[in-house]
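Good morning, everyone, and thank you for making the time.

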Amino acid sequence: MELLKGADSVSNIELLLIRKTQLHRKIQRDQEQIKDARLALGAIDREIYSKCIHYFTRDESAAHDDIYKRSCVKCGLYQNYNY
Ligand SMILES: [Zn+2]
């Protein structure tokens with residue numbers, strides 16, 4: 001009985017190790033997708049910034065020492081951000 005219990009534990013550990021490997025691969029794939037999505041968002045922001053006829057106003061939520069104080073009411077992008 002003890003031998004069977006031990007064998008079951010090894011089998012369970014092997015399954016857990018396989019599951020860990022699967023989860024590590026999933027994290028890697030998901031991180032690549034997030035990176036791709038961020039790059040796509042950056043490209044969209046650059047295109048919007050170049051095409052929008054901006055109307056910049058003071059961002060009321062900006063603190064006096066915030067770098068970005070003015071945003072466009074049409075597209076929401078900041079005036080002096082490097083897109
Ligand atoms: Zn704009």
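Predicted model: local features only at pLDDT ≥ 70, side-chain atom pairs only at ≥ 80, totals over all residues.

**A walk along the chain**

Let me start with Ile34, which has its place in helix 1. Is Ile34 buried or exposed? With 10 C-beta neighbours inside 10 Å, Ile34 counts as exposed, because a residue needs 12 or fewer such neighbours to be called exposed and 20 or more to be called buried. If we go from Ile34 to Gly76, we cover 42 residues in sequence, and the two C-alpha atoms lie 22 Å apart in space.

Staying in the helix, Ser11 is also placed in helix 1, which covers residues 2-51. Ser11 is exposed, with 10 other C-beta atoms within 10 Å of its own. From Ser11 to Asp36 the separation is 25 residues in sequence, and from C-alpha to C-alpha it is 38 Å in space.

Now let me turn to the other part of the chain, where Val73 is found in the segment after strand 2, the strand that runs over 70-72. Val73 counts as exposed, with 9 C-beta neighbours inside 10 Å. Leaving aside residues up to four places away in sequence, Val73 touches Tyr55 and Thr57. Asp45, by comparison, is 28 residues from Val73 in sequence, with 15 Å between their C-alpha atoms.

How many helices and strands does the chain have? There is one helix and there are two strands, and along the sequence they follow the pattern α-β-β. The radius of gyration is 25 Å, well over the 12 Å that the globule rule gives for 83 residues, so the chain is more spread out than a compact globule. Taken along the principal axes, the C-alpha atoms fill a box of roughly 75 × 30 × 15 Å.

The domain assignment divides the chain into domain 1, residues 2-51, and domain 2, residues 53-83, and the centres of these domains, taken over C-alpha atoms, are separated by 36 Å.

Finally, a word on burial and contacts. Buried residues make up 2% of the 83 residues in the chain. Of the contacts between residues at least 6 apart in sequence, 18% join residues at least 24 apart. Thank you, and I am happy to take questions.

Terms used: Residues numbered from 1 in each chain as written. Domains from an automatic or database assignment. Helix = DSSP H or I, 4+ residues; strand = E, 2+ residues; numbered from the N terminus. Rg over C-alpha atoms; globule rule 2.2 N^0.38 Å. Contact = placed C-beta atoms within 7 Å.
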